[in-house]
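Reader: Walk me through this one, please. I'd like to start with the cavity and then get to the helix packing.

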Amino acid sequence: MTFASNSTNSMKEVEMECYVCINCGKRQSNLYKKYDKIIKTINCDQCHKTADKYIEFEPVITIVDFMLLSHSSYRHALHNRDFKLFWKLSLILLLLESLTLWRGENERKLKIANNDSPPYEHGFYNCCAYKIGEFLLCTMLMVIANITLGSKPTGLSVMDSSYLMMKAYALANFSKFFLLPIMLWRENTTEFGASLHRFFVTAHHLCALVSVYIVVSRCRPVISTVVVISIYVLKEYLMTQYFAIDI
């Protein structure tokens, strides 16, 4: 009887700590209270702000805040919301990024070969595999950095921490939405303009990586910036040296 009651209590404790405050990150037992047909949001005991304002908003508002590098929106998506929608959008972004890479590599290849031969379809699939490998490699490096620095989220196993970091990296990849204009209006810009556009997208992506790493690891911004830039440089080196793209 005692064992059963202890098990029940432990299960309740796990259920009570499945949410977090999007402002300070403190664990929450619930995000709202329901009175008949009225839902009222709950304030956090630690920061005394609304624990999660995004439960009243449409997902598109959350996505816009991803673009604005809002830590609150990242916490909401990582801890307080079903992630299925964001996985689907991440898949679309992966295809968009792969298409951009494929197109850029084909343009470079045509300039070198100086011919107008049509691009091969298998090159696009190779670019997709390349981007998936890049995604997994960067996630693995961030997990290793988390464990090395001892900043793994408390109460989570290595597998759960790795999955959380994978979701965080997927959110940071929402910066790749800004590749869409260069895909649509590539013919109407110069090579310098396209390179400048890609530079700003990369800079925004790095800022997003720093933001999600701060949210997950709770490291200071300076440490997170150093870690993310080091990981990004190492990832680019490994992908360039050992994973060539066959277009």
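**Cavity and helix packing**

Reader: Which helices each supply at least two residues of the lining of the largest cavity?

Author: That would be α4 (84-113) and α7 (180-184), where helices are DSSP runs of H or I, at least four residues, numbered from the N terminus. Keep in mind it's a predicted model, with local features needing pLDDT of at least 70 and side-chain atom pairs pLDDT 80 or more, while totals for chains, interfaces and linings use all residues. Residues are numbered from 1 along each chain as its sequence is written, and side-chain values use heavy atoms, with hydrogens and water left out.

Reader: And which helix gives the most to that lining?

Author: α4 does, with four residues. (A cavity is a set of points on a 1 Å grid where a 1.4 Å probe fits but cannot get out, and lining residues have an atom within 4 Å of a point.)

Reader: How does the lining divide by class?

Author: Four charged, two polar and two nonpolar. Asp, Glu, Lys and Arg count as charged, Ala, Val, Leu, Ile, Met, Phe, Trp, Tyr, Cys and Pro as nonpolar, and the others, Gly among them, as polar.

Reader: How much space lies in the largest cavity?

Author: About 50 Å³, and the count comes to one cavity of 30 Å³ or more.

Reader: OK, on to packing. At what angle do α5 and α9 pack?

Author: Helix α5 (residues 122-149) packs on helix α9 (residues 221-242) at about 140 degrees, axes 10 Å apart.

Reader: Which residues of α5 and α9 meet?

Author: From α5, Y130, G133, E134, L137, C138, L141, M142, A145 and L149 meet I223, V227, I231, L234, K235, E236, L238 and M239 in α9. That contact has 13 nonpolar, three charged and one polar residues. (Contact means heavy atoms within 4.5 Å.)

Reader: Now α3. How does it sit on α8, and at what crossing angle?

Author: The axes of α3 (residues 71-79) and α8 (residues 191-217) come within 10 Å and cross at roughly 60 degrees, so these two are oblique as well. H71, Y74, R75 and L78 of α3 meet A208, S211, V212, I214, V215 and V216 of α8. By class, this contact has seven nonpolar, two polar and one charged residues.

Reader: What about α3 and α6, what's the angle there?

Author: About 135 degrees, with the axes of α3 and α6 (residues 158-172) 10 Å apart. Y74, A77, L78 and H79 in α3 meet L164, K167, A168 and L171 in α6. That gives six nonpolar, one polar and one charged residues.

Reader: Left-handed or right-handed, for α3 passing α6?

Author: Right-handed. The α3 and α8 crossing is right-handed too, and α5 passes α9 in a right-handed crossing.

Technical notes. Axes fitted to C-alpha atoms, helices over the stretch in contact; angles between N-to-C directions. Parallel < 35°, antiparallel > 145°, perpendicular 65-115°, else oblique. Left-handed = near helix turned anticlockwise from the far one by under 90°. 1 Å grid on protein atoms, 1.4 Å probe; cavity = no way out; pocket = protein on both sides within 12 Å on 5 of 7 lines; lining within 4 Å. Points joined across faces, edges and corners; volume = space filled by probe spheres on them.
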